[in-house]
Structure formats: structure tokens, C-alpha cells
Amino acid sequence: MGTLTQEEFKGFLKTCRELAEGPFEEMQKEVEVTNKFPQEFIDLARDSNLYRYALPVEYGGWGFTEKEILQVQEEFSRGPGGMRMHLHYAADLNWRILDDYGCPELKAEYMHKFCDKSVFTCFALTEQTGGTGADVHSTAVKDADGNYILNGEKWLISHTDVSQFAYVIAVTDPEKTGDERLSAFFVPMDAPGFELVPMPHMMGCRGAGHAGLKFTDVKLEPKYLLGEEGQGMEVAMHSLAISRVHIADSNLGMCQRMLDMSLARARDRVTFGKTINTRQAIKMKLANMATMTHALRTMVIDFAEDYDLDHRNPYIAEKAAMCKLFSIDAVKLVSDEMLEIFGGDGYFEDSPYGPTERLYRDCRALWLEEGSPTIQRITIARELEKHNAHLEYPGLDWIAGGDL
């Protein structure tokens, strides 16, 4: 728990849930229309230490472990999806990439500013013409003075309206093939030639600041290179592995809230003289919802414990993709069952029984965030091949020497 006691940690979890289901819900009514977070949300998140708890102690944070970070995120993921995206990012990619790959000069200047959101970043890999992966077309070519000249575009980039910097993946060596072509940069968004391209409102997760990025001869000093040339995909994938588990954890928070709401509604809703929680069909739905939620939580905890033991564990990327993939199935089932339990009352925007309609919309963004189900399966298959399938999988150590 970093700098907190056990009791203080429990109190912080309680505060996160109360914020998610209280003031954040109230603010979201405006956000659904404007597609922009009010300053009140940013201020409340800062005052509630939601930008501080995951940051290492040496930078002014509380130094939570990954397991503790995910416990916190499960609580605030019960609230509006766009706010969840913002806060998940604050505890996730926002500072980790610079801490892991930034030069000493950049780290000294910016790392301590993450705890109060005086610095916030967005992550720019996806392109409209190349998707999300090694098929990147943006370029960063050195000029005669050794500076990088960035040109190209990115698409579907979150948090652009509240960020001062962008982590950008671009081609630095077009002559090479594969991942070695790519490098990563910490790009000031006020640099000349950096332009935001507006995007329409999403179906859910409103307020997350999505836009396209356009680069026209953006000049970057060498200090803005993250790691070394050719490490761009390593930077991206190392970051995505963690973020994918945070997506799974976000689905977990929504699953748990939808289950809680469904249990409460089933106890209250009466048809033909009986509450519907007494009917076998509803009991089966609730049982399925609870089982999927529990299974997802178990997977997330397993990942977090492995990560806290060794964040360079070679199975991290594989387990992260598994968590994300399973979480999609879990939240699909739970959200569908919730809607059936609530019936027509759950289909209205301002239902008196809770934000069923918005939760149903919000969770569907997470099918695609940090990679579609197909991408997760490809990642899992690649990692299985890399690690000789399950023959060396540590989770099966208990059968060593036994009959298969």
C-alpha cells in the first residue's frame, strides 16, 4: 500500500467507489451532451489523489503495487466509462513509459509533475491507414543537425484535449523491415506543426477526448527519443500489456456493478405476485453473471501477483492478452443478462434504477480498446509459440513428472 496503512487503503477504496457512483455520475449527465469533462472532474480527481496513488514514491506518489492499483481501478470503473478511461490512463501509461524509457533530463523535468496532473499524456500508435501495430506510416527522420522531423497522422487517440505530450510511435529507418523500423518519442503537443483533428462523439465512454493527430515537419530534439532507435514496438507492446490488464479490470468493475444492480432489482421487481429473484430463470442469469465476474477477478489478480513479483516476466504479455480477451466475454454476458433482468426499464437513459443504458454502451468500447479480440488471440498464439506452448508454462509445474 505504499505510504498508506491497511485501514487508509480500505478507506481510499471506499472513497473511489463513492466518487464513481456519486459526483462522477452526476457530472456525466453534462458530459453525455458536451463530450467534454468539466474542470470540476479534473479538480476532484486531483484533490482525491487519483493521479497520485500509482506513481512511485520518489516522484511524489503513493507507490501502490500493481495488485493494489487494480483494486483501486475496479472501484472507479463502476462509474462513467470516459472518466474510467481517463483515470485508468493516469494510473497506467501516463507516467510508466517516460519512467521506463525516458532520458534522465526528461525524467528530471517531468516525472514529479504527474502526481497533480500538471503533465498528462496521450498514447499515439493507431493510424487510420495502418491500424494498430507494426504497419505504421508516420516517419521521424533525422535532419543535418541531428533533430528528428516528424510527419504523418494518428487516429482514435484518447485524452488529446487534456494532454501536454503525446507518446508517438513512428518509422525512423524505412530501409529496415519489421519492428526495427520503429521508434518512440515524447512529443510536446504545442510544438509547431502538431495539429489536432476533431472526431465525432463515440457511442459510449463520452468525454475521453478522442481526436486525430497530424504532424507536419514537427522538429524534435534527440532528447525526446524514448529508449533507442528501433525500440518503438518494444515500448508500445510493453505498455499495451499493462494497459490490456487495466482494460480487463475496467470490465471487472463494470461487471461487478451490473451484477450488484441486477441483484437489487431482482429483489424488488414483482411480476405475477412474486419478486423475480425467486424465479429459476432469473437465478440462472444471476449465477452466470456472478461466475463470470469471479473468474475475471481471479485472472486479474493472478496477473497482478505475477507482475509484482517480476514486471519483466516473459509471460506478462500472454497473460495480459488472456485477461483482456476473457473480460470481453464476461462483460458481454453480464451486460446482456442485466438488460434482460431490468427489462424495458433498463433501456432508458434516465432509468430510476441506475445507469443501465449507459453501462451497456460504455462497456462495448472495451471490446476494441487496446486491441480487438482477434488481436488478443494473435498475441496469445505468438507468445505460446515463443514459450514452447504450455510445456514450460509455470502454472503447470504441479504436474511435473506425472502422467499427461
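Lysine 14 is exposed, with a relative accessible area of 52%. Exposed means over 50% relative accessible area, buried under 20%, and partly exposed in between (1.4 Å probe, protein chains only). This is a predicted model, in which local features need pLDDT of at least 70 and side-chain atom pairs count only at pLDDT 80 or more, while totals for chains, interfaces and linings use all residues. Residues are numbered from 1 along each chain as its sequence is written, and side-chain values use heavy atoms, with hydrogens and water left out.

Lysine 14 has a partner. Its side chain meets that of glutamate 18 in a salt bridge (2.5 Å, N to O). A salt bridge here is a side-chain nitrogen of Lys or Arg within 4 Å of a carboxyl oxygen of Asp or Glu. Glutamate 18 is partly exposed, at 43% relative accessibility. Both residues lie in helix H1, 4 residues apart, about one turn of the helix. Helices (H or I, at least four residues) and strands (E, at least two) are DSSP runs, numbered from the N terminus.

Now take H1 as a whole. The helix covers residues 6-21, 16 residues in all. From first C-alpha to last it reaches 23 Å, close to the 22 Å expected at 1.5 Å a residue. The expected span is 1.5 Å times one less than the number of residues. Which residues of H1 are buried? They are Phe9, Phe12, Leu13, Cys16, Leu19 and Ala20. They cover an arc of only 130° around the axis, which puts them on the same side of H1. The arc is that of the directions from the helix axis to the C-beta atoms. The face turned away from the buried side carries exposed Glu7 and Lys14. Helix H2 (23-34), helix H3 (39-47) and helix H4 (66-76) are among what covers the buried residues.

The structure holds 32 of them. Side chains of opposite charge can pair when their charged atoms come close. Glutamate 74 lies in H4 and arginine 297 in helix H9 (residues 280-309), so the pair ties together parts that are 223 residues apart in sequence. Glutamate 74 is buried at 12%, whereas arginine 297 is partly exposed at 23%.

H4 and H9 also pack together, at an angle of about 145° with their axes 8 Å apart. Axes are lines fitted to C-alpha atoms, for helices over the stretch in contact, and angles run from 0 to 180 degrees between N-to-C directions. Glu66, Lys67, Leu70 and Glu74 in H4 meet residues of H9 that include Arg297, Val300 and Ile301. Contact means heavy atoms within 4.5 Å.

Aspartate 306 bridges to lysine 319, with the closest N and O atoms 2.5 Å apart. Aspartate 306 sits in H9 and lysine 319 in helix H10 (residues 316-342), 13 residues apart. Aspartate 306 is buried at 19%, and lysine 319 is buried at 11%.

Last, the backbone. Most residues other than glycine have a negative phi. Histidine 159 has a positive phi of about 65°. This histidine 159 lies in the loop between strand S3 (148-157) and strand S4 (165-171), and is buried at 4%. Aspartate 217 has a positive phi near 50°. It is found in strand S7 (residues 211-220), and is exposed at 52%.
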